[in-house]
Amino acid sequence: MKKKQLLSMVVVPAMAAGLVGCNTTSKSASLKDGTYTTETTGHNGPITVSLTIADGKIASVDASENVETKGIGSVAIDKITNTVVEKQTVNLDTATGATITSGAVIRALKDNLKQAGATDDSINAMDKETINQVLEKNEYTYDVVVIGAGGAGLTAAITAAESGAKVVVLEKTSQVGGNTLVSGGGINIPGTDLQEKNGIEDSVELYKEDTLKGGDNLANPELVDTMANNALDAYHWLVDDVHMEFIQDRVQQFGGHSVPRAAIPVGNSGYEMMSKLENLAVNKGIDIFKNTSAKSLMTDGSAVSGVIAENAGNEITIHASKSVILASGGFGSNVEMREEYNPEYGSQYKTTCISASSGDGIVMAQAVGANLVDMSQIQVYPTCNPQTGIISYVANSRFDGAVLVNQEGKRFVNDMGRRDVISNAILNQPGKYAYLLWGQEVETVGNMTKLHENEYNNFVNSGLLFKADTLEELAKEADIDYDTLKQTIDTYNQYALAGSDPEQNRGGKLRTIAEGPFYLQKVAPATHHTMGGVVINTNAQVLNTDGDVIENLYAAGEVTGGIHGTNRLGGNAITDIVVFGRIAGKNAAE
């Protein structure tokens, strides 16, 4: 079933007086009344775009049948559907950060108009409109300027505003969210009420130990200590102030953790966090300048004093009377930058990251003397869409008991191990991919095919995920030798019943794979997180190459380095951005 998004269905009366842009329809020749539909392909999959003409004018647009990312593609579609009806034109620019989705919908709308009798010339004669934010002035002054409207940026902005500062957030795309929005949203917290409800014993010390060990003890212990000791307070802030909702009967154990400690938001995605943060930011009076790309940091002597940005081709000056906070994310989507710091992770890898993860903040900070750390440490996520690189959340069935097998039908790695270890193991298999296999014993725990139904359908339609009543049928679908696969799973089931996996030392709960229907999902690694970035201290202040504080410059989130070492454990990114986002916001406002 395709996702039904709650888009605004705007209907304009054909004879309404004062119709904005009504002259454009006269340019588009005589349009035949009716509803015209075009199927197109967006970023994630198929989109159905319908356009209704009434009395020769565009009366409504509907593109609600789609599988685009909630909060990114959905926002672009919403803007397009509203603008087309309001302005009576399909000559629109694409949404920054959602160019594939918006471009596909706009092309489909032009096809719809042609079905209604328009020509290329009449369509080109329509007024040109933008769906991106255009600023009214070229110069602004705020107490605190935040670069980046992802999880770290909005957390910092809200905290600064709560401390009495006048705050603006600069976001270079047309929507808030960053990589947080496209994440699973899980946040590692030791000592939550959720752990207590589920009978899980944990501690700050154990969390610190797991985090340091997971990054091969390369991380800065002081930063890890700060994250661990402030994690529970961050969780309470998300629940009590941000009003985030978490799944009450589910605490997830990601690879590399000794116990389950990840609180999972309702919907199992970053949308729950980002939608709530955006609402709170707006309620706090925070200005968010979208489509506004920070280009450089302004300085007054050795202190940072503001930001030079660009909006709609114009240079924008934003003065910061107190501080600037960098929260612009990492450089996972910047192939050139990845190759510069670690040639192993070049163009041969697709990425889970949004296109805005291009390292801009790191470059700007370095230009004013900031020190960098761990820049060669780049993480790949093991279970992504082999065709697109997009992270798979259906594949979170791995944490509930699904196992990885190769094309030969054999297990080859600890399925609950570190991301880097699993990714490297997959790349050493025939074809550089693997299959994730599970049955009803696993599915009934996480219900991943239902929880992420749109993604599941997209994988099925792309020929990357198979469902069958028997293992033999699955093996046939994937061209895997059935006898080998059966022997592999029979052996694993014996391990599961015994509660121990001597073959791969799999951690977490072992569950048999014996009850159909069964699922087999093709997966491959893609770059996912960059552990390196600007050096900060425990106050989230950016340090220069001499180890001194750069006055009035703070940073939080993936733009920073030193917190995760060689490998970030799953669920630690959200903990990182909330803890240090709050620290940066509070200190920047003082």
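## Exercises on salt bridges

Arg-506 and Asp-415 form a salt bridge (a side-chain nitrogen of Lys or Arg within 4 Å of a carboxyl oxygen of Asp or Glu), with 3.2 Å between their closest N and O atoms. The pair links distant parts of the chain, 91 residues apart: Arg-506 is in the loop between α18 (482–498) and β21 (518–530), and Asp-415 in the loop between β18 (403–405) and α13 (419–427). The model is predicted, and local features need pLDDT of at least 70, side-chain atom pairs count only at pLDDT 80 or more, while totals for chains, interfaces and linings use all residues. Residues are numbered from 1 along each chain as its sequence is written, and side-chain values use heavy atoms, without hydrogens and water.

**Exercise 1.** Determine whether Arg-506 and Asp-415 are buried or exposed.

*Solution.* Buried means under 20% relative accessible area, exposed over 50%, and partly exposed in between (1.4 Å probe, protein chains only). Arg-506 has a relative accessible area of 6% and is therefore buried. Asp-415, at 0%, is likewise buried.

**Exercise 2.** State where Lys-276 and Glu-272 lie.

*Solution.* First, their closest N and O atoms are 2.6 Å apart, in a salt bridge. Next, both residues belong to helix α10, four residues apart, about one turn of the helix. Finally, Glu-272 is buried, at 11% relative accessible area.

**Exercise 3.** Classify the accessibility of Lys-284 and Glu-162.

*Solution.* Their side chains meet in a salt bridge at 3.7 Å, N to O. Lys-284 is partly exposed at 40%, and Glu-162 is partly exposed at 37%.

Methods:
Helix = DSSP H or I, 4+ residues; strand = E, 2+ residues; numbered from the N terminus.
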